[in-house]
Amino acid sequence: MKIVVLDGYTLNPGDLSWQALEALGQCDIYDHTTLDQIVSRCQGAQMVLTNKTVLSAETLKQLPDLAYIGVLATGTNVVDVDAASAQGIVVTNIPAYGPDAVAQMVFAHILHHHQQVALHDQAVKQGQWATQRDFCFTLAPLTSLKGLTLGVVGYGDIGQQVANLGVAFGMKVLITTTQPKADLPDAIQWCDRDSLLKQADIISLHCPLNAVTKYMINNDSLRLLKPGCLLVNTARGDLINENDLAQWLNNGNGFAAVDVLSTEPPSSNNPLLSAANITITPHIAWATLQARQNLLNIAVDNVRQFQQGKALNQVNG
């Protein structure tokens, strides 16, 4: 089978090997593919792998040989799944390839905020320690996580890991989900969303993006947050109304740390880029070497299983 990878660069910028995939068929691997290049590059291909390159219904109509689409991520919104199903094309994704990596980034942001390592490192290198009378100095409050309340919105693989890390730090952990959860560990409690927003010192978002959760963080929900609350988002940018959050931050109500934005790369006028009291990383929570290798391993196994007549991690039909 001919296999085409449309945008492999973010998964493998050169530190992984495509060899296992190349062993499964003729492979054309592209770092990036523009929309007007998709059809020509995929002509005659039975299998296409994509991360963020969009495969619309109109595009799929022009690819009669296509039998399989492998999304190199968990979310499949880049593919018109209904159109694929109508053409008999199997669509698969990569679930749970790096929940530990994302949970690690959540706490990297939390510790960055509460421990102020970068701020003090910069001050020391600028000579401020050398001029001090005392053996230490602080430029901002340092806060212990023990005893703080961590609110986790969503309790899938990533949310569970974040909650467990919170317990390890001695935090009180609240979770909220669409339906109440029973049989939780003793240190983790379920509550409704508004109760969580009112009680948490730190809120971390881990729910899917859908019609119900889009813009769940908005003026109304931000009014419920405690003064000085830290909001962390490593899930999807559109869980947050960015204009509302920017205003809340600029008014000095609290803090935010995000790894995702509504549009990526962001436009220069995204209000969060110039907002106060926010730390932004460029959608890298998923991208540890180990997580990317695991993602690639799962993607290759998905392809192999399909070639053997099985549909592993299929999201349609």
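The points below go from the overall picture to salt bridges, a helix pair and a surface patch.

1. Overall picture. Please keep in mind that this is a predicted model. The protein has 317 residues, of which 47% are buried. Its secondary structure amounts to 11 helices and 12 strands, and the C-alpha trace spans about 70 × 50 × 35 Å along its principal axes.

2. Side chains of opposite charge can pair when their charged atoms come close.

3. Arg-292 with Asp-15. The closest N and O atoms of this salt bridge are 2.6 Å apart. Arg-292 sits in helix H11 (residues 289-307), while Asp-15 belongs to the loop between strand E1 (2-5) and helix H1 (19-22), so the pair ties together parts that are 277 residues apart in sequence. The two partners also fall into separate accessibility classes: Arg-292 counts as buried because its relative accessibility is 6%, whereas Asp-15, at 41%, counts as partly exposed.

4. Lys-226 with Asp-201. Here the closest N and O atoms of the salt bridge are 2.8 Å apart. The pair links distant parts of the chain, 25 residues apart: Lys-226 is in the loop between helix H9 (219-222) and strand E10 (230-233), and Asp-201 is in the loop between helix H8 (193-199) and strand E9 (202-205). Lys-226 is partly exposed at 29% relative accessibility, and Asp-201 is partly exposed with a relative accessible area of 21%.

5. Arg-304 with Asp-301. How far apart are the closest N and O atoms in this salt bridge? They are 3.2 Å apart. Arg-304 and Asp-301 lie three residues apart in helix H11, so about one helical turn separates them. Arg-304 counts as partly exposed at 30% relative accessibility; Asp-301 is partly exposed as well, with a relative accessible area of 24%.

6. Helices H5 and H7. The axes of H5 (residues 99-115) and H7 come within 8 Å and cross at roughly 45 degrees, which makes H5 oblique to H7. The crossing of H5 past H7 is right-handed.

7. A nonpolar surface patch. Which residues make the nonpolar surface patch of about 210 Å²? Leu-111, Leu-165 and Phe-169 do. Leu-165 lies in helix H7 (residues 157-168), and its relative accessibility of 31% is why Leu-165 counts as partly exposed.

Methods:
Residues are numbered from 1 along each chain as its sequence is written. This is a predicted model: local features need pLDDT of at least 70, side-chain atom pairs count only at pLDDT 80 or more; totals for chains, interfaces and linings use all residues. Side-chain values use heavy atoms; hydrogens and water are left out. Patches are made of residues with over 30% relative accessible area and no salt bridge: like charges are joined within 9 Å, nonpolar side chains (Val, Leu, Ile, Met, Phe, Trp, Tyr) within 5 Å. Accessible areas come from the Shrake-Rupley method with a 1.4 Å probe; for residues, only the protein chains shown count as cover. A salt bridge is a side-chain nitrogen of Lys or Arg within 4 Å of a carboxyl oxygen of Asp or Glu. Helices (H or I, at least four residues) and strands (E, at least two) are DSSP runs, numbered from the N terminus. Buried means under 20% relative accessible area, exposed over 50%, partly exposed in between (1.4 Å probe, protein chains only). Axes are lines fitted to C-alpha atoms, for helices over the stretch in contact, and angles run from 0 to 180 degrees between N-to-C directions. Angles under 35 degrees count as roughly parallel, over 145 as roughly antiparallel, 65 to 115 as roughly perpendicular and the rest as oblique. A crossing is left-handed if the near helix is turned anticlockwise from the far one by less than a right angle, and right-handed if clockwise.
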